[in-house]
Amino acid sequence: MSASGPPPPDGSSWSHGRTRGPGLASGETPKSPAALVGRDRELARVRELLEAVRGGLTGALVVEGEAGIGKTSLLAAAEELAEGFTCLWARGVESEAALGHAALLELITPVRDRLADVPEAQAEALAATR
Ligand SMILES: Nc1ncnc2c1ncn2[C@@H]1O[C@H](COP(=O)(O)OP(=O)(O)O)[C@@H](O)[C@H]1O
Ligand SMILES: [Mg+2]
């Protein structure tokens with residue numbers, strides 16, 4: 001599994017508070033960062049990104065790997081490290097593949113009341129995803 005992607009240039013962030021958990025399948029337990037085995041490098045990347053964002057940058061990490069390798073667990077640990085941030089989750093669902101913007105809709109629904117916090121053009125585009 002790899003986590004990659006440099007923090008892009010400056011940008012604003014909307015933060016504070018949490019919305020939902022990682023949506024692990026039933027029976028799965030989210031792992032705290034300390035409980036993850038062999039993920040020091042990936043967690044270091046997550047911490048670096050969070051530090052950059054706290055410093056006013058934006059950024060992205062791509063987490064990829066085969067099923068069961070620990071992607072969701074790493075993301076759950078990342079959420080735990082992201083104290084003070086709003087964490088939004090979306091899952092790819094095969095039956096929704098034909099629906100345009102299904103994942104985007106899932107992402108923004110919990111923060112729809114904060115669309116006024118983003119620039120007008122983006123707010124309008126996001127508001128259209130109903
Ligand atoms: N680094 C890790 N250390 C210990 N257990 C792990 C680790 N990563 C994943 N697991 C465990 O392996 C299982 C599959 O992990 P999961 O995060 O659901 O994988 P994925 O999302 O890539 O399919 C879960 O039971 C999870 O708790
Ligand atoms: Mg998963």
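View 1. Helix 1, which spans residues 40-54, has 15 residues and reaches 21 Å from its first C-alpha to its last, close to the 21 Å expected at 1.5 Å a residue; the expected span is 1.5 Å times one less than the number of residues in the helix. Helices here are DSSP runs of H or I with at least four residues, and strands are runs of E with at least two, each numbered from the N terminus. The buried residues of helix 1 are Glu42, Arg45, Val46 and Leu49. They lie on the same side of helix 1, because they cover an arc of only 100° around its axis, where the arc is that of the directions from the helix axis to the C-beta atoms. On the face turned away from this buried side, helix 1 carries the exposed residues Asp40, Arg41, Ala44 and Glu51. A residue counts as buried if 20 or more other C-beta atoms lie within 10 Å of its own, as exposed if 12 or fewer do, and as partly exposed in between, with C-beta atoms placed from the backbone. After helix 1 comes Gly56, which has a positive phi near 105°.

**About the model.** This is a predicted model, in which local features need pLDDT of at least 70 and side-chain atom pairs count only at pLDDT 80 or more, while totals for chains, interfaces and linings use all residues. Residues are numbered from 1 along each chain as its sequence is written, and chains are lettered from A and ligands numbered from 1 in the order in which they are written.

**View 2. The protein chain as a whole.** The protein chain has 4 helices and 2 strands, and from the N terminus on its elements run β-α-β-α-α-α. Of its 130 residues, 10% are buried.

View 3. Helix 2 is mostly covered, since 8 of its 11 residues are buried, namely Thr72, Ser73, Leu74, Leu75, Ala76, Ala77, Ala78 and Glu79. Helix 1 and strand 2 (62-64) are among what covers these buried residues, as judged by contacts, that is, C-beta atoms placed from the backbone that lie within 7 Å. The largest nonpolar core is made up of 7 residues, Val46, Leu49, Leu74, Leu75, Ala76, Ala77 and Ala78; such a core is a set of buried Ala, Val, Leu, Ile, Met, Phe, Trp, Tyr and Cys residues joined through C-beta atoms within 7 Å. Helix 1 and helix 2 (71-81) are the elements that give two or more residues to this core, and helix 2 gives the most, with 5 residues.

View 4. Of the 15 residues around ligand 1, Val37, Gly70, Lys71, Thr72 and Ser73 come nearest; a residue is near if its C-beta atom, placed from the backbone, lies within 6 Å of the molecule. The shell has 4 nonpolar, 7 polar and 4 charged residues, where Ala, Val, Leu, Ile, Met, Phe, Trp, Tyr, Cys and Pro count as nonpolar, Asp, Glu, Lys and Arg as charged, and the others, Gly among them, as polar.

View 5. His101 lies in the loop between helix 2 and helix 3, and although it is not a glycine, it has a positive phi of about 65°. Leu105 belongs to helix 3 and counts as partly exposed because 16 other C-beta atoms lie within 10 Å. Leu105 and Leu126 are 21 residues apart in sequence and 8.3 Å apart in space, C-alpha to C-alpha.

Definitions and conventions. Two residues are in contact if their C-beta atoms, placed from the backbone, lie within 7 Å.
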